[in-house]
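Please look over the sequence and the model shown here. A short walk through the structure comes after it.

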Amino acid sequence: RMPESCANCVKSPAIRSLVAERLPTLNSVALLREARALLRGAGGTTALLAELCADGFVGDDGLLTTGTTPFNVFARISSGAMLQPDMEDDTAALGAWGKRFVVACNRPENDEHWEDATEAWLGKASMGRRHRFLSCKDLSWWWFNVLVFGMRDARQLEEAVALVEQMKEAALAFATGRGWSDDVGLYFHVYGHASVNSLHLHIVDLAVAGPTHAHLAYKNVLLDDVLLVLKEELAASADGSLRAAPVEGGPTKNAAKAARAEAGKASKKRPDPAGVKLIADGDAAMAAKDFAAAAALYAQAKALCDSSSVGAAPKEKKQKATASSATAAAEEKKAEVPLAEEEKKLKLMLRLPSQNVQAKPLRDGVAEAHNYAKNSEALLAQHLSKTGGGFRTRFPPEPNGYLHIGHAKAMNFNFGQARIAQEMGFTGATVMRFDDTNPTAEKQEFIDSILDNVSWLGNSPAQVTYSSDYFQQLYKLAVKLIEVGGAFVCHQTAAEIKASRELLQAYHAKKKDIPAGKPPPALPAGAASPWRERTVYENKVHFEKMRQGRYAEAEAVLRMKTDLLSENSSLWDPAAYRVMFYPHPRTGDEWCIYPTYDYTHCIVDSLEDITHSLCTLEFEVRQACDGPYYWLLHQLGLYKPTTWEYSRLNLTHSLMSKRKLKHLVTKGYVAGWDDPRLVTLDGMRRRGLSPTVINRFCEAVGVTRARMTARVALLEQFARQELDATAPRRFAVLKPIKVTLAHGLADAKRFSIANHPKDAAMGSRELLLSSPIYIEADDFREVDDPKFYGLAPGKEVGLLGAGVNIKCDELLKDADGNVVEISASVDASPTRAKVKGHIHWVAAATAVAAEVRVYDVLFTPEMPEEEAAALKAVSGAATATDGEEEEEEHDGEEPDWVKLLNPNSLVAYAGDKHAWVEADLAAAATPPPRHTRPTFQFQRIGYFCVDSDSTARQPIFNRVVALKEDKEKKSIHVAG
């Protein structure tokens, strides 16, 4: 147990909370996982140092100078770093050290307590240092130091595991030689050896404690726990997940697997019956996904087998695999692939809500005084009492347009993390919130479309809320912000505000050149608003005038009074409220002032007790620990959620900007927001992509901070995989040429054909072969070629499914010499020639005229925006900087990216040049329900779905995706 003094002798509230509340609830494995996660993440040691400085644990020389218990306990919890005061200060030597481990020389105050250990196994390693035991009664410290907590890759981890296992064997041998009993404890004493400017080495000692020193357990971690965590990470590295923080809340699946492997090895050497049974029990726990119980059972099994006297079982002679067993093994291996993919997806990437003391890590160069992202113990406790410690995310689109594939990724992440939390035994919920603070751009049709698409993708919000639900609370909090000196009413024009920001940018650029230690210069005139220093009373009066509508639009704005000296430009007095004489879709004309995104977003996150606010990277600066998100919550004394940023999704051959998509729609380049060429979810639905395909795609591209552009080919491949298994096969001819079967077919031939060649459960259909038929014009050539497998004069091909060959006998041409009809003979005999080519067809007597739309990518280049920027650079025009969207186009000219539109993005076979399809497709071509859309494979062409405008009388089909190319036979491509 931890002494009570640990919780009473420190000043820092964060340390007091960690020591007094968290330590008793965590076991050493949980502590180690947390330490590893923080050390691999940015700012772990920096955050630790800031706390230690606050509590006086850093000396004048910049070194951590105390070994007091609160320090040790806090250090172990927060980053796994602790300083032993009698260690030699040899930072330079350690920093230059390039191997995987180091032995440090200690300076004991009483040499009589030391014994040389030259015969120990450590003597085998030539490190130029001495290795000693400290003996004091029945307690020995083995000062062997291993760089464990800095390990980052699998090879280093393997070395660490091997070293720790050797240390365990040597330590047990040493304890046995001392005559200690079986209850000897092996502990790792964790500490850091570094200076203020070099917090990067994290080392451990091995402590061998006798039975009378069991109290050491409260300030050390068991050696076996260290082994467990290292092996857990080593197992995780096999699937590329080493960099991800370990799943909190107990042993992970990977840890249980690693424990299973160790138990299996032990049982092979000594198959103790009780141990084997424990392994079976562990397997049952694994099947039930109780990984903590499984890991514990495997550990017990390993211990039993290791200590058992049972001899190893004789090895059985391997038998050669039979053909059937080999096939079964191959099928089993095949089935494991999708399962492995599924397992990779199920990762909780968010930390536990109870750990949201520091809601956002400190940025480099940010002083503690500007760290606004800390929650007080009281606020965090109040939040946890309302949420039960569960996870709450939110999906907050603006209802000013239609959702696109980027929003699908956001949904997949927000709702997905909540679902994974539920599967892990936590509570998890996602709030569907409409950020409806700009009434001029919002419409009910957008709200309806968003809700429909959220449901279509399989997501069920815990609540559906609107920022407008909180307008009254937001207004009252704005008044409070004025009262605490955090806001002022400003009358600058937009141009004046822009000019002042440019002055601030120039000021901060010059400030970087000022030598350290010198005070910064005063702000230049005009950098601050002339109304910034109004009194609280004046600001309240003018804000009330804004609310009453006594100011015109843009005549007054409420701005946050933040920090113009901050390097974070988003903190330069952003707007909080503006005047807008426009009725709101939900509140009508109740308000004429509306809050901005910067003001609303963080407050509503807090009011809704969101634990993790997940946004794309363009919000990173706003949501930094010294940004307006946390500054505002700090000023208002509200709970601060954790914010988490990731890169936005870009797709090749596409545009994601709402403004640019709107330009395409309003200028008529596409046929509305649901045009199948757009990346809007409505467009993808009309194209025939299913929710499963879109969700699989989002999971495959993953969540990362790196800027990335996903290839549209990946999305199409997921569609092919699904449709290959689910789409019934049909015949359709897009560019028909008439073929009269003049010889060999006396009567119409009826036959049955499977609806799917790989799935008998889909049944079959009856087709009629009669003269004439239609075949694809691309399946005929007047001049044959050895690599061409279609029809040519004097050449035979097979008709798919009909069991006959046809041979081109004569050609009928129009006045221009174009072939308009082919006369062919039929060979239906059992001895007909074996032909290489088989083509699809439809019988003219039963075929139905249809419109078929073959869609392709909207833009010719993969990266249209980058290509457009290059074109603009060539023309000498200015371009937007990275991450910015260009302003409205000037002089009525069309933007450069319009020139990059693919002229073949839609090839429609309609009107006089319509396609012919099988008769039963007409029945399926009735207007489809919004959430289901019949889809077919038009054989040898691609996958097609029924369009929204389709009817039984006028069927319309959209191409979802083309068939995979046949690289061996070089199949004929359909135009478009």
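The paragraphs below take up confidence, then cysteines, then the nonpolar cores.

This is a predicted model. Its pLDDT averages 75 across the protein, and 67% of the residues score at least 70. Residues 313–345 stay under 50 in pLDDT, and the model gives them eight contacts beyond four places in sequence. Another stretch, residues 878–891, has pLDDT below 50 and shows 14 contacts beyond near neighbours in sequence. Where pLDDT is low, the predicted coordinates should not be read in detail.

On cysteines, the structure holds zero disulfides. Cys490 has a relative accessible area of 1%, so it counts as buried, the cut-off being under 20%. Cys615, at 5% relative accessibility, is buried as well.

The largest nonpolar core is made up of 49 residues, and those with the most contacts inside it are Ile405, Ile694 and Phe697. Helix α14, residues 405–423, supplies the largest share of this core, with eight residues.

Leaving out residues up to four places away in sequence, Phe697 touches Ile405, Leu649, Leu651, Ala710, Arg711, Leu714, Leu715 and Phe718.

Notes:
Residues are numbered from 1 along each chain as its sequence is written. This is a predicted model: local features need pLDDT of at least 70, side-chain atom pairs count only at pLDDT 80 or more; totals for chains, interfaces and linings use all residues. Side-chain values use heavy atoms; hydrogens and water are left out. pLDDT is the predictor's confidence in each residue, from 0 to 100. Contact means heavy atoms within 4.5 Å. A disulfide is a pair of cysteine sulfur atoms within 2.5 Å. Buried means under 20% relative accessible area, exposed over 50%, partly exposed in between (1.4 Å probe, protein chains only). A nonpolar core is a set of buried Ala, Val, Leu, Ile, Met, Phe, Trp, Tyr and Cys residues joined through side-chain atoms within 4.5 Å. Helices (H or I, at least four residues) and strands (E, at least two) are DSSP runs, numbered from the N terminus.
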